[in-house]
Amino acid sequence: MTTSQAPPVPIRKVAVGALGMLAVATGALESVVTPTLPLLQRELNMSPAEGALLSIVLLITGALITPVAGRFGDRYGGKRVLIRLMAVVSAGGLVSAVAPNLPVLLVGQILQGAMVGALPLSFILVREHLPEQESKVAIGVVSGLFVGGGMVGTLAAGPVAEGLSRHWMFALPTLVVIAATLLVNRSMPQDRPGRPDAAGTDWPGLALLSGILVTLMLVLSMAPDLGSQPLVLAVLLVLLAALVIAWTAVERRVASPMVDPRMLSRPDVWKPCVLTFMICVGTSAAVYLVPQLFAVTDDAYGFGADATTIGLFLLPGAVAASLAGPLGGIGARRFGSRAVVVAGIVILASSLITLAAVHTEVWHLVIGKMLIALANGLCVTALVTGTATSVEQGDTGIATGLVLVTRVIGFAVGVQASGALLTAATPAGSDVPDESAFVTGFVIAGTVTALSLLVARTMRKGVKA
């Protein structure tokens, strides 16, 4: 004799607002290191290699935690896992805030990396408690606020660190994370009973996935120096290939894999993953190159802007990024995910190619960066929304988690490749790279983005209202 499962309890606007507040805070906390890395290197006596390690350690942890969090959220309940995850993030933020040296700060960043898993858990909660069409808009709002929070962190980190101290740039968003977590816990209904977990946790698969991501990030962070060390590069690539083969074999054999590679064979999953990777490679190149171009001295070809001025120049992009999420969710509901993705790709590729040709005035870069932020937000939101609503409800967390992992990896690849390009184009004894490096970077980013149209045109149109 079976009993029917009780229908989900609808959530109020305050619950969605709490998830949005949490998205803003975690996005801000995620982004504070990048604009203040030179300051951190000076205050903590870090070498460039140590600075590179600090800049990627959160990405490594986040890429690992995201599929784990999605899997556990599908299995045990989104709220239960989200609250515990945010407790880890809060601890990491407080450790980073009081860190007296690099090792302690690295520990804090590792713990903070758990924040990346918050998005798929939020999507699980939204989809469980809202009708399909309303959930698309809510997912778009949460995604857009996370992107907007990242831009807020990028803009505010420098002034806070210089005006107060580096400790406060971690402490302030952490306090908001704690407050938002308490509000989510109070306003969100309790989870329904989780699915049985007879197979247990796939720890071997998780360990191998950790090795893959650590090795990949190591290759990317060492890219500028590996050209002169072909043997080291060959060893790392062989190790990476061996880990991928071993991970695939393990995940195919376990009863309940942490990340099922067979899911990646489904067009509704692998196409959004490929598109997200290519789009984020293009976007992250601009995220890195535009501020660098602002900072180039005005007696060369740049504008000699300081950190505060650069933040003001990037403000329109922050606004566009925060609006892109809701617009992407509404657009996906009305026109279908494919239409929104194609429109975003066209805007993004056009903006990148235009910046390669025209970047001699501040407003060229401001408008270009604003369009790039808007297009990226439209694309990623539509891709995440389309993926979340195209798989079975029990697979929402893991499917969106895969998309978000490729977002992190694509961003890391784009930034590292752009940094390597500028490093290679900087003459000996100079701090200013050749202008041609920026042109090449924008062209490559625009080309990669444009090529993603070959995949986008094969997508399903998606559900329309």
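**Figure 1. Leucine 182 in helix α8 of the predicted model**. Leucine 182 is found in helix α8, which covers residues 166–187. With a relative accessibility of 58%, leucine 182 counts as exposed, because the value is over 50%. The C-alpha atom of leucine 182 is separated by 8.9 Å from that of alanine 18. Along the chain, leucine 182 and alanine 18 are 164 residues apart.

**Figure 2. Overview of the chain and its confidence**. The secondary structure of the chain consists of 18 helices and 0 strands. Of the 465 residues in the chain, 54% are buried. Among contacts with a separation of 6 or more, 81% join residues 24 or more positions apart. The chain exposes about 19,500 Å², and carbon and sulfur atoms supply 67% of this area. The pLDDT averages 77 over the chain, and 80% of the residues score at least 70. Helix α10 (residues 223–226) has the lowest mean pLDDT among the elements of the chain, at 60, whereas α17 has the highest, at 90. In the stretch of residues 1–6 the pLDDT is below 50, and this stretch has 3 contacts in the model beyond near neighbours in sequence.

Figure 3. The contacts of phenylalanine 170, leaving out residues up to four places away in sequence, are with Leu29, Val32, Val33, Gly93, Ser96, Ala97, Leu105, Gln109 and Gln112.

**Figure 4. Serine 90 in helix α4**. Helix α4 spans residues 78–98 and contains serine 90. The relative accessibility of serine 90 is 10%, so the residue counts as buried. Beyond residues up to four places away in sequence, serine 90 touches Thr174, Val177 and Ile178.

**Figure 5. The aromatic pair of phenylalanine 294 and phenylalanine 313**. A search of the whole structure finds 3 aromatic pairs. In the pair of phenylalanine 294 and phenylalanine 313, the ring centres are 4.7 Å apart. The planes of these two rings stand at 40 degrees, so the pair is tilted. Phenylalanine 294 belongs to helix α12 (residues 267–295) and phenylalanine 313 to helix α13 (residues 307–335). The pair therefore ties together parts that are 19 residues apart in sequence. Phenylalanine 294 is buried, at 0% relative accessibility.

**Figure 6. The aromatic pair of tyrosine 301 and phenylalanine 438**. The rings of tyrosine 301 and phenylalanine 438 are 6.0 Å apart, centre to centre, with 70 degrees between the planes, and the pair is edge-to-face. Tyrosine 301 lies in the loop between α12 and α13, and phenylalanine 438 lies in helix α17 (residues 435–451), so the pair ties together parts that are 137 residues apart in sequence. Both residues are buried: tyrosine 301 has a relative accessibility of 18%, and phenylalanine 438 has a relative accessible area of 0%. Helix α17 is also the element with the highest mean pLDDT, 90.

**Figure 7. Valine 341 in helix α14**. Valine 341 lies in a helix that runs over residues 337–357. With a relative accessible area of 0%, valine 341 is buried. Leu275, Cys379, Ala382, Leu383 and Ala456 touch valine 341, residues up to four places away in sequence not being counted. Between the C-alpha atoms of valine 341 and asparagine 376 the separation is 9.1 Å, and these residues are 35 residues apart along the chain.

**Figure 8. Cysteine 273 and cysteine 280**. The structure holds 0 disulfides. For cysteine 280, the nearest cysteine sulfur is that of cysteine 379, 9.0 Å away. Cysteine 280 is in no disulfide, because a disulfide needs the two sulfur atoms within 2.5 Å. Cysteine 280 counts as buried at 5% relative accessibility. Cysteine 273 is buried as well, with a relative accessible area of 6%. Cysteine 379 is also one of the residues that valine 341 touches.

How values were computed:
Residues numbered from 1 in each chain as written. Predicted model: local features only at pLDDT ≥ 70, side-chain atom pairs only at ≥ 80, totals over all residues. Heavy atoms only, no water. Buried < 20%, exposed > 50% of the residue type's maximum accessible area, 1.4 Å probe, protein only. Contact = heavy atoms within 4.5 Å. Phe/Tyr/Trp six-rings, centres within 6.5 Å; stacked < 30°, edge-to-face > 60°. Helix = DSSP H or I, 4+ residues; strand = E, 2+ residues; numbered from the N terminus. pLDDT = per-residue confidence, 0-100. Areas by Shrake-Rupley, 256 points an atom, 1.4 Å probe, with all protein chains shown as cover.
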